[in-house]
Amino acid sequence: MGSTSTKIKLRTSDQKVFEVEKAVAVQSQTIKYIYENGCPDSVIHVHSVSGDILSKILDYCKKHVNSAAGKEDISPEELYEWDANFVKVDQNTLFDLILAANCLKIESLLDLTCQTVANMIKGKRPEEIRTTFNIKNDYTIEAEEAVRRENKWAFDMLGGVGTMVIEELADDTMSKCVTNAKSRVCVIAANQIVMMRSISKLANKKSIDVYKQPQNPTTPRIKESVKQINVGTGFIELFFHFKCKM
Amino acid sequence: MATLSHDLAIEILRGLSVKDLLRFQCVSKLWCSSINDSYFIKLHLSDSLKTITNHSLILRKSGYDFVSVNVYDSPKTTQRLNHPLGEQKKLLKILGSCNGLLALIDDDNRIFLWNPSTRKSQVLPSTEIDFSSASSFFPRSTYYGFGYDPISDDYKLVRMVQLHGNNKGYLHSEAKVYSLRSNCWRRIKDFCFYLILHRKFGILANNALHWMVFKTPQSWKQNLVGFDLGTEEFRFLELPDLCLDKLFCYDIKAMGGYNCLTATFRDSNDVVAEVWIMKEYGVKESWVKLISWNQPHLLSCFPSVVVVPLAFSKNGDKVLFSSDVHTFVWYDLGSKKVEKVGIRDVPIIHDVDLYVQSLVPLNSNALMINNEIPPQG
């Protein structure tokens with residue numbers, strides 16, 4: 001016993017059976033504990049995980065075990081890329097992965113999936129968070145207002161869905177803006193820059209134009225250029241350089 | 001649709017910025033209390049410290065403004081910060097930076113604590129120097145330090161005052177400690193070393209504050225003294241034996257949690273900057289020379305220009321230096337190559353410190369609301 005080709009059988013909530021190498025399965029601390037303390041020959045039931053999700057999880061574990069053991073020639077950067085692609089799934093699947101990683105106690109997968117969701121919700125408004133997490137708002141109107149007022153500045157410049165927030169711009173600096181907009185980006189800022197573009201168009205462009213709305217409405221709008229665009233998982237980064245003072 | 005438990009929601013919240021978390025207090029009462037929970041705040045902070053995320057340099061510009069510069073990401077970004085005193089612009093110097101809280105001091109020796117991420121600030125109650133005679137006539141040295149004591153889970157500010165008499169004697173030495181939890185000062189045991197400069201700010205490393213002082217009034221060599229924030233005791237720490245030949249100046253700093261010594265050696269042909277790290281706290285033999293950097297180009301500069309090490313890179317392979325008044329460079333420890341940090345609009349810098357964004361709260365009884373100091377007492 002204990003050879004690397006030992007296999008463990010896992011049965012999911014929907015009665016699918018997976019046979020996996022022990023080294024892969026024990027990436028899950030839960031499975032490891034059951035295997036080491038229970039009867040190693042019978043099947044381990046993973047009641048709360050479905051076949052589809054377990055299949056994905058086993059892919060993850062296998063990739064990481066192989067890379068750590070040197071069985072696969074993959075650099076840390078390539079593994080990072082692989083992980084980034086692994087989490088490009090719909091929200092339901094992502095949440096299922098989190099629940100499964102938590103119950104199977106696979107720490108690195110839990111960290112990865114939680115950080116992915118964190119990146120998704122950056123910059124969002126509380127209403128959107130409640131929808132995403134299925135949370136009931138238990139504040140009274142007055143109480144919620146009070147909390148908002150205390151941190152008013154954290155809500156500044158949050159517009160509708162798809163608003164990009166430019167924070168605290170100083171002129172003549174390179175500024176980074178992050179948005180998790182899905183379809184259209186509306187950019188507003190302290191010094192009144194306004195821009196509307198669709199994300200799909202943004203992704204293909206090397207530079208885009210941003211129009212500064214001057215304080216004095218009779219002054220013509222000033223055009224600036226966005227120098228760099230990065231489209232990430234659930235967010236877009238735009239790098240601006242403002243050449244002139246408002 | 002799968003619903004995540006609250007514990008899993010907290011796991012997700014750990015990865016968010018302070019601004020997002022402040023806003024998400026509105027999601028529900030449970031989220032609000034979780035975000036303000038001191039355990040969560042510590043978890044969020046320790047994540048940031050461990051992975052060196054949410055870290056930036058904070059610079060005090062000429063004038064009154066503070067600017068935060070993120071040197072860890074590419075490209076580097078600068079962000080103007082709301083001045084802690086709002087519209088009442090005042091010249092504030094950075095006294096210390098710890099876990100997202102900055103201690104600032106003005107020309108009247110009023111001290112403020114400021115969390116730039118939560119935008120909360122408070123002023124410290126003033127405290128007299130316990131010396132009866134007309135103490136204002138005597139020249140004095142006042143040394144400060146700010147740090148966190150994990151034993152009492154408290155932020156403390158230390159003030160040491162020494163009044164100088166004639167003939168290199170001294171008239172009075174006192175040390176006081178301010179505790180954030182209690183929002184008051186208390187006097188501690190007098191110290192018995194000598195402060196020479198008018199004012200100095202302590203270096204925080206290993207849960208202790210450090211200054212260079214003299215053991216006796218007649219000393220010509222400076223010694224490193226450490227103040228343990230937990231036990232509130234002073235102890236001397238040995239420095240490495242530096243080659244005194246051509247030694248121009250040396251000073252202490254902290255980097256990556258270690259005590260660090262910078263020494264500049266000059267002669268007519270060379271300027272060499274050395275950086276030493278104390279790997280094991282309090283052990284003289286554990287001082288290791290990390291960098292020996294030859295910079296002949298500084299020969300022609302005004303003699304007091306030295307390079308100051310600020311921080312390690314995320315994976316520890318480079319050290320960030322500030323070189324003259326508005327340049328930053330990354331020094332690669334392996335290749336010994338120097339890479340200038342391209343930050344646009346870096347102003348003339350007067351103060352620079354490292355700071356991490358955190359939710360660490362101030363004393364709720366002492367908070368400044370609308371930049372007004374609450375009534376004392």
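What is the mean pLDDT of chain A, and what share of its residues reach 70 or more? In this predicted model, the mean for chain A is 72, and 60% of its residues reach 70 or more. Within chain A, confidence is highest in helix α5 (residues 91–104) of chain A, at a mean of 94, and lowest in strand β4 (residues 163–165) of chain A, where the mean is 37. Over residues 210–215 of chain A the pLDDT is below 50, although this stretch has 34 contacts in the model beyond near neighbours in sequence. Residues 231–237 of chain A likewise stay under 50 in pLDDT, and for them the model has 24 contacts beyond four places in sequence.

Turning to the aromatic rings, the count over all chains comes to 20 aromatic pairs. One of them is formed by B:W293 and B:Y331, whose rings are tilted, with 5.1 Å from centre to centre and 50° between the planes. This pair links distant parts of the chain, since B:W293 belongs to strand β20 (residues 287–294) of chain B and B:Y331 to strand β23 (residues 327–332) of chain B, 38 residues apart. Both B:W293 and B:Y331 are buried.

Ring pairs also link B:F191, B:F193, B:F227, B:F234 and B:F236 into a cluster. Of these residues, B:F236 has B:K215 lying over its face. In chain A, the charged end of A:K56 sits over the ring of A:F86. The table lists the two lysine and ring arrangements with their distances.

| Lysine | Ring | Distance from ring centre |
|---|---|---|
| A:K56 | A:F86 | 4.8 Å |
| B:K215 | B:F236 | 4.7 Å |

Key:
Residues numbered from 1 in each chain as written. Chains lettered and ligands numbered in written order. Predicted model: local features only at pLDDT ≥ 70, side-chain atom pairs only at ≥ 80, totals over all residues. Heavy atoms only, no water. pLDDT = per-residue confidence, 0-100. Helix = DSSP H or I, 4+ residues; strand = E, 2+ residues; numbered from the N terminus. Contact = heavy atoms within 4.5 Å. Phe/Tyr/Trp six-rings, centres within 6.5 Å; stacked < 30°, edge-to-face > 60°. Buried < 20%, exposed > 50% of the residue type's maximum accessible area, 1.4 Å probe, protein only. Lys NZ or Arg CZ within 6 Å of the ring centre and 35° of its normal.
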